[in-house]
Amino acid sequence: MNGTVALVTGGSRGIGAATALRLAQEGADVAITYVQGKDAAEDVVRRVEALGRRGLALRADAADAAEAPGAVDRTVEALGRLDVLVNNAGLGVLGPMESLALADIDRVLAVNVRGVLLTSRAAVAHMPRGGRIITIGSCMTQRVPGPGGTLYATGKAALIGLTKALARELGDRGITSNIVHPGPIDTDMNPGDGPQAPAQAAMTAIGRYGTADEVASLVAYLAGAEAGYVTGAELAVDGGFAA
Ligand code: NDP
């Protein structure tokens, strides 16, 4: 990926940080967005730079209709181009439907759905042939194993439609669009030592949580030249959660 530029939304921690570092290892210059974790984001940038690549940390709230696409423009301005967009920023608000405040519903859909649409739209305006849009979905779009996931699964399932429609819209420009469905992955959002962890691990075929690096590895494959004929696809990295 030498000479390419990637933008990873929500890249200060978890799957996004692992993805940013993996893409840098593959040779890409990498911009990341964050909202709260300025220090963590700057640490990721330092690690990208230690790999010999350029890094950029951008505070950009995916829920904000100007900041989300603005991160794309700021990336192109600072790093000169955009080849790969990883739509990773996401929120998990779980709970019975009756307990959800309207503000929670609006925020989750703004970050997990509208932000992805607006960022993708801004990105394709800059992407050359060979461009890549990789969106992080969820195993909850394939199988909802219990109550409390209605809001989260609704938003993540919308990304499947977005991914496939973008693949059709962008195919003749040589740009691919794919969605990756992680299973339970050990991050701040879903700690592998949390109270729900044993039950979630038991729902996989492999019997354990996955790591952020295991998701990043699949994203890196999709971002690379070898994946040029993969588009409109849903790919699971879920330990068999949906099997
Ligand atoms: P984390 O909560 O560990 O990290 C979330 C990242 O997103 C942080 O860098 C955070 O930045 C950033 N972020 C949060 N809100 C916003 C926002 N409004 N705008 C921009 N950035 C934001 O999450 P994970 O790494 O676990 O999850 C990453 C993606 O993977 C999400 O889309 C999630 O839904 C999905 N996923 C995760 C699974 C899991 O088990 N962990 C399973 C399936 C899917 P900061 O806090 O620094 O501002």
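A cavity here is a set of grid points where a 1.4 Å probe fits but cannot get out. Everything below comes from a predicted model.

View 1. The largest cavity holds about 100 Å³ of space. Zoom in on its centre and you'll find Thr9, Thr33, Ala62, Ala89 and Thr119, the closest to that point of the 14 residues in the lining.

View 2. The largest share is from α4, which puts in 4 residues.

**View 3. How α3 and α4 pack.** Two packed helices are described by the angle between their axes and the distance between the axes. For α3 and α4, the angle is about 30 degrees and the axes sit 8 Å apart. Angles under 35 degrees count as roughly parallel, so α3 and α4 are roughly parallel to each other. As for handedness, the crossing of α3 and α4 is right-handed.

**View 4. Side by side: the residues where α3 meets α4.** On the α3 side, look for Ala68, Pro69 and Val72. They meet Gly115, Leu118, Thr119, Ala122 and Ala123 of α4. By class, this contact has 6 nonpolar, 2 polar and no charged residues. Thr119 turns up again here: it is in the contact with α3 and is also one of the residues closest to the centre of the largest cavity.

Terms used
Residues numbered from 1 in each chain as written. Predicted model: local features only at pLDDT ≥ 70, side-chain atom pairs only at ≥ 80, totals over all residues. Heavy atoms only, no water. 1 Å grid on protein atoms, 1.4 Å probe; cavity = no way out; pocket = protein on both sides within 12 Å on 5 of 7 lines; lining within 4 Å. Points joined across faces, edges and corners; volume = space filled by probe spheres on them. Helix = DSSP H or I, 4+ residues; strand = E, 2+ residues; numbered from the N terminus. Axes fitted to C-alpha atoms, helices over the stretch in contact; angles between N-to-C directions. Parallel < 35°, antiparallel > 145°, perpendicular 65-115°, else oblique. Left-handed = near helix turned anticlockwise from the far one by under 90°. Contact = heavy atoms within 4.5 Å. Nonpolar A, V, L, I, M, F, W, Y, C, P; charged D, E, K, R; others polar.
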